[in-house]
Amino acid sequence: METFTIRAQAPRPLPGTRAQAIVGVVASGNLEILLERTGETDAVEITVETASHGYRTVWEAVIADFVARSSPGGIRLSIHDNGARPDTVMLRLMQGTNVLEKQP
Amino acid sequence: MIPQDIAHEPSWYESSARARIDGVLDPGSFTELLGPQCRIMSPHLALFDLPPAFDDGMIVGRGLLDGHPVAVAAQEGQFMGGTFAEVSGAKLVGLLRAAAASAGTSQTVSAVLLLLDTGGVRLQEANAGELAVSETIRAVLAVRQAGIPVIALIGGRAGAFGGGSLVASCCSRIVMTEQGRISVTGPEVIETNKGAEEFDSRDRALVWRVTGGRSRALLGGADRYIRGDVASFRAAARDRANPPAFDIDTMRAEQVRLEKRLERYGDCHDTPEIWARMNLPDPAGISEIDDAAFIERLAATGGAHDAR
């Protein structure tokens with residue numbers, strides 16, 4: 001297992017009122033993401049626990065892209081990854097912010 | 001082209017445990033206990049360099065079914081094969097004990113729904129998992145003794161194997177689909193121990209024919225056979241009136257039934273042999289026909305063969 005935390009500043013806070021959400025499953029080639037509102041405005045904190053070692057730079061690139069596209073300000077994301085590909089990770093991240101934003 | 005009914009009806013087999021709960025209960029009524037944000041996770045998986053899950057693959061809580069409160073537990077079959085382990089087992093046992101204790105109070109539930117999807121005990125924490133299975137069985141029986149039906153819903157990727165099959169067999173009712181499989185020993189384990197000639201675990205048709213819902217429903221190992229869509233599971237869960245009695249007479253009758261079954265079919269090598277001996281028409285075709293045709297044939301055999 002490799003664990004690391006990536007911090008970023010989002011352009012805006014994420015809209016919506018839902019306090020937390022979970023998306024995905026820890027299955028082979030898949031991941032789960034727990035999203036929680038921290039009460040902060042722009043700070044984003046993403047903790048990754050992954051079974052695949054040595055891909056931190058790829059995670060950083062995907063997350064930078066995600067923060068720019070979804071602007072998840074004030075959200076802490078905790079990830080359990082079981083070897084998901086970057087495109088799957090991106091889809092799950094966007095699914096997660098979508099649930100927090102749109103669902104009650 | 002995907003047929004209309006498949007395109008518009010989510011499949012139980014393909015759905016996650018959380019999606020199944022949402023599909024079975026009244027919309028928006030589910031309240032999770034010890035949800036993912038509590039981070040009650042397996043302390044053992046890190047030792048094996050395996051990623052944990054926030055809910056340890058077991059989602060428990062309360063909700064409403066037609067406005068009546070129910071307790072519900074769902075295993076996530078895609079995480080570690082939907083295993084019984086220390087934390088997931090404790091969550092399930094806790095839910096069942098709370099349901100039993102609720103009987104006769106304002107907090108009582110009208111049923112406990114077990115959405116089983118499991119290959120059995122999690123090998124990385126096997127002793128705790130085995131204990132969890134036996135504690136679950138005891139707790140299921142306590143719920144039934146308190147007069148609350150426990151309904152097993154089985155139609156997931158992992159089926160109900162090992163301890164999961166034992167737990168299912170202790171429930172008031174078992175609802176199954178063709179893909180839902182129940183067996184104490186899984187196909188791979190049989191093959192490993194007895195060879196592929198005894199049981200070829202890669203032969204999916206064989207696995208479903210023997211352990212699948214059709215075989216179980218015809219032999220009285222499941223009470224209800226349904227199509228594999230989420231809505232059919234909800235409809236089956238709603239039908240929770242008049243559960244079989246949990247008393248010594250029921251147990252004795254079940255013992256007699258099982259002894260007769262073993263005597264009649266114990267020497268059969270495959271299910272079509274059993275179905276031929278049961279005088280069912282076209283026994284070889286039973287695994288081939290569609291669900292609607294099978295449900296008709298099942299009804300023609302005299303209908304519900306009570307699994308208890």
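Predicted model: local features only at pLDDT ≥ 70, side-chain atom pairs only at ≥ 80, totals over all residues.
**Entry 1**

Next I checked the neighbours of S4(A). With S1(A), residues 2-9, S4(A) pairs in the antiparallel sense over eight bridges. I found A:Gln9 opposite A:Ala43 there. With S5(A), residues 75-81, S4(A) pairs in the parallel sense over seven bridges. On that side A:Thr47 stands opposite A:Ser78.

Then I traced the whole sheet. It is open, has five strands in the order S1-S4-S5-S3-S2 and shows mixed pairing. S1 and S2 of chain A each have a single partner strand, so one side of each is left without a neighbour in the sheet. On average, neighbouring strands are turned by 15 degrees against each other, direction ignored.

**Entry 1: helices over that sheet**

I looked for what lies across these strands. Helix H1(A), residues 56-70, lies across S1, S3, S4 and S5 of chain A and runs at about 30 degrees to S1(A). Helix H2(A), residues 86-102, lies across S2, S3 and S5 of chain A, at about 35 degrees to S3(A).

**Entry 2: a serine with an annotation**

I turned to the UniProt record for chain A. An unreviewed entry lists A:Ser28 as "modified residue: O-(phosphoribosyl dephospho-coenzyme A)serine". In the model I found A:Ser28 in the loop between strand S2 (20-24) and strand S3 (31-37) of chain A. Is A:Ser28 buried or exposed? Its relative accessibility is 71%, and exposed means over 50%, so A:Ser28 counts as exposed.

**Entry 3: the sheet of chain B**

On to chain B, where I found an open sheet of seven strands with mixed pairing, in the order S1-S2-S3-S4-S5-S7-S9. Its edge strands are S1(B), residues 31-33, and S9(B), residues 224-225, and each pairs on one side only.

I took a look at the S9(B) end. S7(B), residues 173-176, pairs with S9(B) in the parallel sense over two bridges. B:Met176 has B:Tyr225 in S9(B) as its bridge partner.

Helix H2(B), residues 17-24, lies across S1, S2, S3, S4 and S5 of chain B. It runs at about 160 degrees to S3(B).

**Entry 4: two helices side by side**

How do H3(B) and H4(B) cross? The axes of H3(B), residues 86-102, and H4(B), residues 126-145, come within 9 Å and cross at roughly 15 degrees. Angles under 35 degrees count as roughly parallel, so H3(B) is roughly parallel to H4(B). The crossing is left-handed.

I also listed who meets whom. From H3(B) the residues include B:Leu92, B:Val93 and B:Leu96. From H4(B) they include B:Ala132, B:Ala139 and B:Val143.

**Entry 5: helix H9(B)**

Last, I checked H9(B), residues 230-238, for burial. B:Val230, B:Ser232, B:Phe233, B:Arg234, B:Ala236 and B:Ala237 are buried. What covers the buried residues of H9(B)? I noted H2, S2, S4, S5, S7 and S9 of chain B among the covering elements.

Key
Residues numbered from 1 in each chain as written. Chains lettered and ligands numbered in written order. Heavy atoms only, no water. Pairing = 2+ DSSP bridges. Helix = DSSP H or I, 4+ residues; strand = E, 2+ residues; numbered from the N terminus. Contact = heavy atoms within 4.5 Å. Axes fitted to C-alpha atoms, helices over the stretch in contact; angles between N-to-C directions. UniProt positions renumbered as here; feature names shortened; annotations may be inferred. Buried < 20%, exposed > 50% of the residue type's maximum accessible area, 1.4 Å probe, protein only. Parallel < 35°, antiparallel > 145°, perpendicular 65-115°, else oblique. Left-handed = near helix turned anticlockwise from the far one by under 90°.
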